[in-house]
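Please report on the surroundings of the ligand and on selected helices in the model shown below.

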Amino acid sequence: MTFLSLACAAAVLVCDASSANYFCTDYFRAPNEISFARSDAWHDIYSNTNRSPAFPKSKLWHGAPPGRPLTILNALDPKEHMRFRKAMDPGFSESAIRSQEAILQKYATAFISRLEELPGVKGDGTVVNIVRWFGFFAFDVIGDLGFGESFDCLQSSEFHPWVSMIFNSLRAATLVVSLRYYPQLLWLLRLAIPKRVLKMQVEHQQMAVDKVNRRLNLETQRPDFISHIKLDEKGKQGLTLAELYATASIIIVAGSETTVTVVSGTTNHLVKNAEKLAILTSEVRARFSNENEITLAALRELPYLNAVIQEGLRMCNPAPVGLPRIVPPGGGSISGYFLPENTFVNVHPLGLGLSPNSFFDPKGFHPERWLSEYTKDLKSPFFTDDRSAVQPFSVGPRACIGKSLSYAELRLILARLVWNFDMSEADTDAGKLKWEDQRVFTVVERKPFDVILKRRKV
Ligand code: HEM
């Protein structure tokens, strides 16, 4: 089953709609669930507007499990959520990211060095599952910024057991939410979870507690997320310790899974579109004669790199079936349609991002659609593209807190990769992967993707 059909299968949970109609309709209908594939729906659903506050998250999808502390994701009450944002925002601001640059560069250097050590890479080239290496980089970065210690993935060329568990738990979470639709069956779920899994959960929660405690005991003032977070045991101005433990785990998942998917998917499209990869490679190599000139500030100014990333975000959204919300008491309007209270609604990023109503040749990888020389040219096929349809970080009060960090990571790792290596398609099964042929369990499953890497001859 393809990525798209599975995305739609997942959407059936929400939408009960036929994938055959997907690109022809403005929205899906089901008894009480509607997905929108229209760009104006982004702000109608997720932003505070002068007509109504952002639509809330529902208990069914986002309620905290009984007995567990609140986190930024399951704080449903807007005031509680704002408490989390106020306590956490400073660690994710543009200036915080600037102060974190040395940490990002350290892991980018380790990423390049480890790849350089692979046999054959300095000769005719070698086949590398690049998804795995992007994973090592992203998890090490997020471990360091989140807990003050990396997961040592790059050093050991192995995923920490915690990391390996994350995808399985996201897959399980999708099933749990599906079962919450049938509360009379929840007892089945309790019986079905093996004791081994429950034990693993407890161990992993304990690991987060230990890691946060170790970080809090460090005397140094590191430029990481934790040093910015305000603690308040009364839970009024900042986070309680229990909330910090739980939130640190959330950051590890939210901040790694997503970035790895986008950079892997973007690389997949680049390698399958060799002429686009060549333009990107030339841009980066022409701009930097020395690798240590590749700074975050300089990368912000590279038009083609940034266009590649934008196109990657359009085509490789890590949560392609969307972010569910519920219509508040009294009802609400989305894209001009009035909906009764308690209707489940969302924007379907995949449907919208790949819709011919929004984009010229929507299934083609065209970074050019983001370049000003095309967007401003009346004769360009991309002139009429609806670029506001692409909101991979969402909008409004719950928009992604890690947006600036993600852009920094995506720019840095892609730029340093193409600066150092010639990359091309590998003639292996994993080399033939088409990004869109993958399944989705809330997030994209992410299969191995092989590329040939060859150290650039200078
Ligand atoms: C390409 C990478 C990323 C994408 C596409 C992405 C996307 C998103 C989206 C769409 C949301 C909104 C979720 C919702 O409303 O239900 C979100 C929220 C969030 N993201 Fe990201 N994210 C990315 C990277 C990161 C990173 C690097 C971090 C942290 C280091 C992070 C941390 C979070 C957190 C904590 C939230 C919850 C915010 C809130 O509820 O106020 N994300 N992300």
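## Shell around the ligand

Around the ligand there are 26 residues, and those that come nearest are His81, Arg85, Arg325, Cys400 and Ser406; a residue counts as near a molecule or strand if one of its heavy atoms lies within 4 Å of it. The model is predicted: local features need pLDDT of at least 70, side-chain atom pairs count only at pLDDT 80 or more, and totals for chains, interfaces and linings use all residues. Residues are numbered from 1 along each chain as its sequence is written, and side-chain values use heavy atoms, with hydrogens and water left out.

The shell divides into 15 nonpolar, 7 polar and 4 charged residues. Here Ala, Val, Leu, Ile, Met, Phe, Trp, Tyr, Cys and Pro count as nonpolar, Asp, Glu, Lys and Arg as charged, and the others, Gly among them, as polar. At least two shell residues come from each of α4 (78–88), α13 (241–272) and α19, and α13 gives the most, with 6 residues. Helices (H or I, at least four residues) and strands (E, at least two) are DSSP runs numbered from the N terminus.

## Iron site and polar contacts

The single protein donor to the iron atom of the ligand is Cys400 (SG), 2.3 Å away. Donors are N, O and S atoms within 2.8 Å of the metal (3.2 Å for Na, K and Ca); water is not among the atoms, so sites may look incomplete. Cysteine 400 is placed in the loop between α18 (372–375) and α19 (403–420).

Polar contacts are pairs of N or O atoms within 3.5 Å; within protein, one must be able to donate a hydrogen and the other to accept it, and residues adjacent in sequence count only if both atoms are side-chain atoms. A side-chain N or O atom of histidine 81 is 2.6 Å from an oxygen atom of the ligand. For arginine 85, a polar side-chain atom lies 2.7 Å from a ligand oxygen atom. A polar backbone atom of alanine 254 is 3.5 Å from a nitrogen atom of the ligand.

## Helix α4

In α4, the buried residues (under 20% relative accessible area; exposed is over 50%, partly exposed in between; 1.4 Å probe, protein chains only) are His81, Arg83, Phe84, Arg85, Ala87 and Met88. Their cover includes α12 (225–228) and α13. The N-terminal end of α4 is capped by aspartate 77, with a side-chain oxygen 3.0 Å from the backbone nitrogen of lysine 79.

## Arginine 314

Arginine 314 belongs to helix α16 (residues 303–315) and is buried, with a relative accessible area of 3%. A polar atom of its side chain lies 3.0 Å from the backbone oxygen of glycine 364.

Key: Contact means heavy atoms within 4.5 Å.
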